Amino acid sequence: MIKAENLTKKFNGFRAVSSVSCEIPKGCIYGLIGSNGAGKSTFLRLITGVYKADEGGITLDGEPVYENPVIKRKLAYVPDELYFLANSSMKRMASLYSSIYADFDNARFMELTELFKLNPKVNINTFSKGMRRQAATILALCTNPEYIFFDETFDGLDPVVRNLVKNLITQQVLDRGTTAIITSHSLRELEDTCDQLALLYQGGIVFESDVQNLKTSLFKIQVAFLDAYDQERFEGLDILNFSKKGSVSNFIVRGDRERTKEFLETKSPVLLDILPLSLEEVFIYEMQALGYAFENILEEDKDVQL
Amino acid sequence: MFSFNLYKEGLRKSLPLSALFIAIMMLGAVLIPVSNISRHAESIRRGFSPGITVINGFDANPVLIISMIAFAPILTLFLFSFLNKRNRSDFYHSIPHKRESLFASFTAAILTWVIGGIWLCTAVTLIIYAFVPYVIVNITSVLLVMLGLSVGCLLVVAATLIAMSITGGMFSNIITALLILFLPRTIMMTFTSAVIDSVRVIAPESLGILGFINIPFNFMFSAFDGGNIDQLFIRGTLYTVVLAVIYLAIAVILFKRRKSETAGSPAPNKIVQTIIRVLIAFVVCIPATMMILLNARQTHRTDWTGILALYIIAVIAYFAYELITTRKLSNILKALPGLGILVLLNIVFAAGVMATSHVVLNRRIDTDNVAAVRVQTSFSMETMSYEEHRLRELSLEDERLNALLLDALSRNIADIQADTHWFGSRLAVEFEMTRGRTIRRNIWLLDNELQVFGEIMSENEQFRAVAMTLPENPESLWAENLSEEAMRNIYATLLEEVSALDVATWNDFPLNAIPPWQSSSPHNIYGHIEAHGFIRGDTYRSSYLITGLTPRTADMFIHYINAENYENARWYFDELQSSNARWFGASINEYESGGHPRRHSVDTENPEVTELLEQVIAVQRGVPVDRDRAHFSFNFHLETHSGEFVQGVFFFNSADSELLDMLDGR
């Protein structure tokens with residue numbers, strides 16, 4: 001299990017990660033979303049022991065990571081800015097990884113390079129951005145880690161490879177009980193892969209939840225009555241967002257779907273529709289409930305805005 | 001603490017660069033002996049004696065110096081360059097190894113290549129020389145110099161690692177490494193020389209650690225002062241290794257504390273950046289501040305333009321470093337307050353020089369408090385003689401000596417305070433005080449004082465023993481134009497003859513004399529022989545004149561010279577006659593009534609002169625030279641168009657009027 005407590009990292013007074021506390025259970029795929037500068041990469045560098053926390057701490061299996069080779073042996077990290085030896089091939093990189101990680105699986109390496117159709121003898125400099133990311137992912141997976149961390153991993157991958165990588169990560173988690181943390185500035189990239197999602201904003205986790213729970217806990221209600229009414233008619237429901245036009249009201253409810261339906265049917269509506277929400281819509285309403293404007297949080301990446 | 005896998009990875013990663021440097025060093029290791037061999041082979045083929053070449057220290061392979069000035073620092077910058085790039089730094093900081101393990105493994109890889117390269121190349125050179133006649137390799141000297149070089153490399157690597165641990169860019173790495181390697185000593189040296197310039201009686205060894213040799217620093221500065229490079233590598237080994245170990249310890253602590261995010265930044269914080277910037281500017285300021293100080297003592301004429309120019313350059317360097325490393329124009333303004341620190345540093349430096357000078361001048365040494373004195377006559381980095389080494393160790397207890405030296409010191413100090421110039425012979429004197437302290441001073445003796453000093457010393461039993469004991473078994477001997485066997489026999493005869501002399505007679509010659517009280521010799525000087533060796537971990541080089549004072553040695557010297565140089569002289573004449581000489585020169589030394597011979601130039605292009613000389617030499621061949629009769633030596637050197645070189649000397653008697661007329665200026 002990964003446990004962060006009051007984790008803080010400052011750069012020249014700027015708090016890149018600010019008092020983050022979270023627990024990530026074993027065998028979980030944990031998605032971390034946030035705009036550029038939200039603190040995702042810093043958070044991963046803290047988890048991987050690259051940075052030392054200024055305040056608080058982070059443990060893996062109850063042990064601190066920083067300067068702890070025993071724990072570091074259990075983890076693999078694919079950073080946003082990849083590193084390969086100058087003019088090296090994947091084979092040379094595999095040899096470097098073998099010298100660093102005792103459990104590096106050369107058979108799996110050959111298997112995966114074949115699966116991704118990457119020539120291990122070719123200079124990595126000749127690879128495209130996506131191919132380099134695939135190469136780094138393969139190398140990380142072959143270390144047989146208990147914890148694996150991907151920073152903006154799907155960046156630059158075409159849809160086919162993206163799915164392939166997602167499947168590999170999922171497979172790794174299922175087969176080996178690996179815990180994975182994946183960061184992205186795109187919610188869509190993560191919603192079909194992650195078990196848990198957290199939203200990082202200005203160095204702090206502003207929202208964290210189980211994906212399945214998120215998808216079912218919020219739903220949209222469209223309801224109409226013949227007589228005049230206002231929001232008070234729905235007292236007893238946990239309403240996040242309410243709007244009314246004429247006799248029709250639209251609102252978002254957090255709670256049990258069936259019980260909400262039963263509650264509303266007792267009010268004899270002339271129209272009652274219960275609509276599911278996309279994960280992005282769930283995030284918007286949850287964030288609004290917390291007082292944040294989701295559009296602002298992911299403002300730097302317009303194409304993922306709703 | 002150490003990972004063999006990381007070590008192997010370090011070796012592998014640095015293989016191409018290391019192979020390149022080792023190949024260059026190996027070229028020197030092979031080509032230098034081969035060129036010596038071919039030169040000797042050609043001489044032998046031509047039928048004349050090529051003479052003995054003694055290989056000392058760096059003579060074995062001067063190219064190896066690149067290991068310290070280029071190989072070690074470049075390889076360190078290369079292998080630890082991951083510290084300068086964010087992605088590389090993150091990678092190496094995320095791997096399952098402690099930082100000290102990464103540091104130790106990569107440092108070991110660097111040292112394996114650099115030091116392994118030095119010793120591999122040295123071994124190759126020594127193996128080649130082992131099969132070459134006419135070359136004497138002073139193995140101890142070569143090995144000690146290579147040890148010093150290895151230690152010098154270690155210090156350079158350590159200093160570079162400190163620099164890389166506190167800075168995060170290649171430019172700042174290099175500048176900081178240079179500051180670490182050279183700045184402390186430069187400040188100390190400048191401080192010392194400023195004090196010495198003001199107070200000439202202060203001995204450099206009294207101020208700080210300048211008496212210890214820092215190999216990389218002293219090597220770089222010996223390039224300017226022409227010091228003996230072998231000597232500094234041998235003498236500096238112990239101090240340099242201690243310093244290197246301390247630097248390595250500092251480097252590993254800093255490396256461990258280094259934050260990965262420093263990669264790409266010139267410094268981990270503003271304080272370190274300011275320190276580096278100020279120190280760069282301070283280096284430029286020091287000479288200017290020194291010039292102002294010297295002006296204050298009126299020892300030099302003030303060059304205000306030069307001083308102003310240096311201060312302007314210092315300010316430019318200060319801001320240039322900031323601009324180059326941060327690439328932000330706005331930082332110029334932020335850096336302005338740091339100039340105050342620079343000004344303060346200069347004030348502290350100047351105040352320190354003045355305070356030290358004041359203390360030295362006002363410190364009086366009472367004769368009653370002096371237990372003994374030690375005297376040293378050699379001051380520079382030049383190799384000391386065997387006798388000087390032993391003299392330095394003598395603790396001389398003589399009240400007359402104490403009084404003489406202290407009177408001279410008081411007079412010197414009075415002259416300094418009155419700002420008057422004086423002349424005299426300098427001695428470095430160490431006063432051993434009764435309370436156990438020692439005070440070193442440079443003392444200038446007037447001629448009459450020097451005479452008294454010599455007389456007191458000659459009465460001293462210990463001094464007599466030192467002066468009359470020549471090294472019994474030197475590592476090597478050297479004399480121009482002689483074979484090893486000849487040198488050995490001549491030196492053995494010299495030892496016998498000297499043992500029968502008294503100290504005043506033997507010590508009356510400039511080259512033999514310790515300390516340097518001198519007089520003209522009543523005996524003819526024919527040449528000299530050098531003895532090289534080691535005494536208590538240090539090298540010595542003693543040079544002894546071959547004179548009429550030791551007649552058997554002189555006769556043997558002349559005999560061997562003539563026996564071993566006759567063929568060379570013949571070859572010289574042959575090449576001249578066949579017009580094959582690219583350049584040549586000849587002279588005749590005429591031995592008169594003692595001292596150095598009188599030199600006459602001779603025109604060997606004139607066939608009549610050549611013929612006459614050939615005849616004289618042919619007549620003298622195999623016949624001992626009678627030193628009681630008029631005698632001469634023919635000295636010659638020649639290089640042919642094809643690069644062959646010959647030189648030599650031939651002694652002869654002659655009363656030939658034609659020959660005597662030929663000598664100019666008679």
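**Close-up views of a two-chain predicted model**

**View 1. The hairpin of strand 1 and strand 2 of chain A.** In this hairpin, which has 2 residues between the strands, A:Asn12 takes a positive phi near 50 degrees. The model shown here and in the other views is a predicted one. Strand 1 (residues 2-11) and strand 2 (residues 14-24) of chain A run antiparallel and are joined by 7 bridges. One of the paired positions is A:Lys9, whose bridge partner in strand 2 of chain A is A:Val17.

**View 2. The open sheet of 6 strands in chain A.** The strand order is 6-7-8-3-9-10, and the pairing is mixed. Strand 6 (75-78) and strand 10 (204-210) of chain A are the edge strands, and each pairs on one side only. On average, neighbouring strands of this sheet are turned by 15 degrees against each other, direction ignored. Strand 7 (residues 147-151) of chain A runs parallel to strand 8 of chain A, with 5 bridges joining the two. In this pair, A:Asp151 stands opposite A:Thr183 of strand 8 of chain A.

**View 3. Strand 3 of chain A and its two partner strands.** Strand 3 (residues 29-33) of chain A pairs in the parallel sense with strand 8 (residues 179-184) of chain A over 5 bridges. Here A:Leu32 is placed opposite A:Thr183 in strand 8 of chain A. Strand 3 of chain A also runs parallel to strand 9 (residues 196-201) of chain A, to which 4 bridges join it. A:Ile33 stands opposite A:Leu199 in strand 9 of chain A.

**View 4. The two faces of strand 3 of chain A.** How many of the residues of strand 3 of chain A are buried? The strand is mostly covered, with 5 of its 5 residues buried. In a regular strand, side chains alternate between the two faces of the sheet. On one side of strand 3 of chain A lie A:Ile29, A:Gly31 and A:Ile33, and on the other A:Tyr30 and A:Leu32; these are all buried, so both faces are covered.

**View 5. The open sheet of 4 strands in chain A.** This sheet has the order 12-13-11-14 with antiparallel pairing. Strand 12 (238-245) and strand 14 (271-276) of chain A each have a single partner strand, so one side of each of these edge strands is left without a neighbour in the sheet. From one strand to the next, the twist averages 15 degrees. Strand 11 (residues 218-224) and strand 13 (residues 248-254) of chain A run antiparallel and are joined by 7 bridges. A:Val223 stands opposite A:Ser249 in strand 13 of chain A.

View 6. Helix 10 (residues 279-290) of chain A lies across strand 11, strand 12 and strand 13 of chain A. To strand 12 of chain A, helix 10 of chain A runs at about 105 degrees.

**View 7. The contact of helix 6 with helix 10 in chain B.** The axes of helix 6 (residues 139-166) and helix 10 (residues 237-257) of chain B come within 8 Å and cross at roughly 25 degrees. Angles under 35 degrees count as roughly parallel, and helix 6 and helix 10 of chain B are therefore roughly parallel to each other. Helix 6 of chain B passes helix 10 of chain B in a left-handed crossing. Among the residues that meet are B:Leu147, B:Val151, B:Leu155 and B:Ile162 in helix 6 of chain B, and B:Val241, B:Tyr247, B:Leu248 and B:Phe255 in helix 10 of chain B. By class, the residues of this contact are 18 nonpolar, 5 polar and no charged.

**View 8. The side of chain B that touches chain A.** Contacts join 19 residues of chain B to 20 residues of chain A. On the chain B side, helix 1 (4-13) and helix 4 (86-94) each supply at least two residues. Which helix of chain B gives the most to this side? Helix 4 of chain B does, with 7 residues. The side of chain B that touches chain A holds 4 nonpolar, 6 polar and 9 charged residues.

Terms used: Residues numbered from 1 in each chain as written. Chains lettered and ligands numbered in written order. Predicted model: local features only at pLDDT ≥ 70, side-chain atom pairs only at ≥ 80, totals over all residues. Pairing = 2+ DSSP bridges. Axes fitted to C-alpha atoms, helices over the stretch in contact; angles between N-to-C directions. Parallel < 35°, antiparallel > 145°, perpendicular 65-115°, else oblique. Left-handed = near helix turned anticlockwise from the far one by under 90°. Contact = placed C-beta atoms within 7 Å. Nonpolar A, V, L, I, M, F, W, Y, C, P; charged D, E, K, R; others polar. Buried ≥ 20, exposed ≤ 12 C-beta atoms within 10 Å, placed from the backbone.
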